[in-house]
2 protein chains.
Amino acid sequence: MAVYTDITEVELGDFLRHYDVGGLLSYKGIAEGSENSNFLLHTSSASFILTIYEKRVDEADLPFFLGLMEHLAGKGVSCPLPVHQRDGAVIGRLAGKPAALITFLEGLSLRRPDAESCREVGKALGELHVASTDFALSRPNALAMDGWRTLWAGARDRAHEVEPSLTAELDEEFRSLAESWPNALPAGVIHADLFPDNVFFLEGKLSGLIDFYFACNDFYAYDLSIGLNAWCFEKDGSFNQTKSRALLAGYQSVRPLSAAEREALPTLCRGSALRFLLTRLYDWLTIPDGPLVQKRDPLEYISKLRFHRQISSASEYGLS
Amino acid sequence: MAVYTDITEVELGDFLRHYDVGGLLSYKGIAEGSENSNFLLHTSSASFILTIYEKRVDEADLPFFLGLMEHLAGKGVSCPLPVHQRDGAVIGRLAGKPAALITFLEGLSLRRPDAESCREVGKALGELHVASTDFALSRPNALAMDGWRTLWAGARDRAHEVEPSLTAELDEEFRSLAESWPNALPAGVIHADLFPDNVFFLEGKLSGLIDFYFACNDFYAYDLSIGLNAWCFEKDGSFNQTKSRALLAGYQSVRPLSAAEREALPTLCRGSALRFLLTRLYDWLTIPDGPLVQKRDPLEYISKLRFHRQISSASEYGLS
């Protein structure tokens, strides 16, 4: 939620000369995307997002992220389309950092999604999984079990500051998940971060998906479990089965789940709750406080993790 | 440089129902304006800026600020135009705070203005002074001598942290300015913050002025001195007389300076350098550090203040 890289109109003008996008009318740093610097540009032809990739994004991953957006857009998924430079490149450099220009998607993120929105999100996630099956590139999930262990190693010593019993609880969770984690489920390219911030709606209809910078290869049903965690809990922490039922039904209207995927769902939900718990916990403990720093509360995901732990069957999610 | 107030699409939808601006397509918090929360809105009819006024702006001043913009726009000054609600009001409420919708001005702020840009800025400042002569409202300058004294009282004890000799130097500067400050010069509504951030250009031509939230009544030539400080020094701290000459000529092409104004210019320049020095010093000493906090260096204005102190005649500014 910040603009990290400052750019001048001269640098930006030089950068845009590589693109056929009309004359620059304005650019504003926007408070969006926690990993990169983003600017909303108006040109004489249209609106665009300019993203400057900061340290947390590995430049070697950019062909995957940008290629995926282009692949998905080509398959009819509504997502930002990387704009090619006159010489064909989609990755440029600005202020000494890698940068890309992508089309601007109109739309609003929902803060209070209803069940019908959840159904549309489930359907869009299924469509994304189907549309990416023939995408040529792949990228391992850096935030899978090994990545979680690394985060935990960096946060474990101070986890008691958040909740005294957290250290023992998460040690046990790691042990349990290592035993129960599925090793063969349908897999492919997943979004891996399909939170309400990253889904746009216009007039009640889903209008687009954004922010593919966590996309990677992993189980499709794991992506679905991220969606359940992100969309189907209320602000008070309670699970909303009506929304979950809708999200799962939307997904299955495009890509029905196998018996193995259904059976694994509670375990996958625990895993994805642990994943977001760990990144939040790590940030909570390591990012210095400041007047403009908004850190997300790790406790939200401790509560979600505990919810999933007491689920005995995927039918409790409203899976039909 | 931050969005302070978070709003939901539901609140924003409720707010916009009071306006005849078409359907909302998107809204983005923009990293602009250090005092308020600003959002760039796209609707089916146009682009707008939504400003939510934070604590540092006194709600009682809003009719002055917004009325001034409307007055100036009506006189042909290119500046944002407040949009009226269906019932005629220009000040609404959003997230429990006063808020206004203004038209979005396309244009780019220059980081490296040249002399010709300075000439245009001078001319625009003169036009602003002429256009506001018949504006009905007035607002005292909260950052005039008394305001400077208040800031100094809050920063004086720790001023040595910035530079050991600063306390004595500024005590003496206050004494000297109190003696030499003019008490009768042509006065009226001034912008009071016409920095490069607040002036837009398109294709080399000045396209608009923004951010009237420091506007107040004071000497016109004091506003001009702010312009000299803001536009006519290079990044290395050196004074660029070519730019100063151009800015002053641009101003005088619209509103020639009186003999008294010319004579007072070095003193006014010292005053405005002190004003920005003090606000920066105060922020420097009182705002907690944080990873996203960008505080502006008070030393820049200490150096400008010293430059003006050794000016013996306004002709050294290139005033013809």
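Me: Why is Arg86(A) called exposed?

Reply: The model is a predicted one. Arg86(A) has 9 other C-beta atoms within 10 Å. A residue is exposed if that count is 12 or fewer, so Arg86(A) is called exposed.

Me: Where does Arg86(A) lie in chain A?

Reply: The loop between helix 2 (62-74) and strand 4 (92-94) of chain A holds Arg86(A). The C-alpha atoms of Arg86(A) and Pro63(A) are separated by 17 Å, and these residues are 23 residues apart along the chain.

Me: Which residues does Arg86(A) touch, not counting residues up to four places away in sequence?

Reply: His18(A), Tyr19(A) and Asp20(A). Contact here requires C-beta atoms within 7 Å.

Me: What makes Asp211(A) buried?

Reply: Asp211(A) has 24 C-beta neighbours inside 10 Å. The cut-off for buried is 20 or more, so Asp211(A) counts as buried. Its place is the loop between strand 8 (205-209) and strand 9 (216-219) of chain A.

Me: How do you know that Asp211(B) is buried or exposed?

Reply: By the count for Asp211(B), which is 24 C-beta neighbours inside 10 Å. With the cut-off at 20 or more, Asp211(B) therefore counts as buried. In chain B, Asp211(B) lies in the loop between strand 8 (205-209) and strand 9 (216-219).

Me: What is the phi of Asp211(A)?

Reply: Near 60°, a positive value in a residue other than glycine. Phi of Asp211(B) is also near 60°. Most residues other than glycine have a negative phi.

Conventions
Residues are numbered from 1 along each chain as its sequence is written. Chains are lettered from A and ligands numbered from 1 in the order in which they are written. This is a predicted model: local features need pLDDT of at least 70, side-chain atom pairs count only at pLDDT 80 or more; totals for chains, interfaces and linings use all residues. Helices (H or I, at least four residues) and strands (E, at least two) are DSSP runs, numbered from the N terminus. Two residues are in contact if their C-beta atoms, placed from the backbone, lie within 7 Å.
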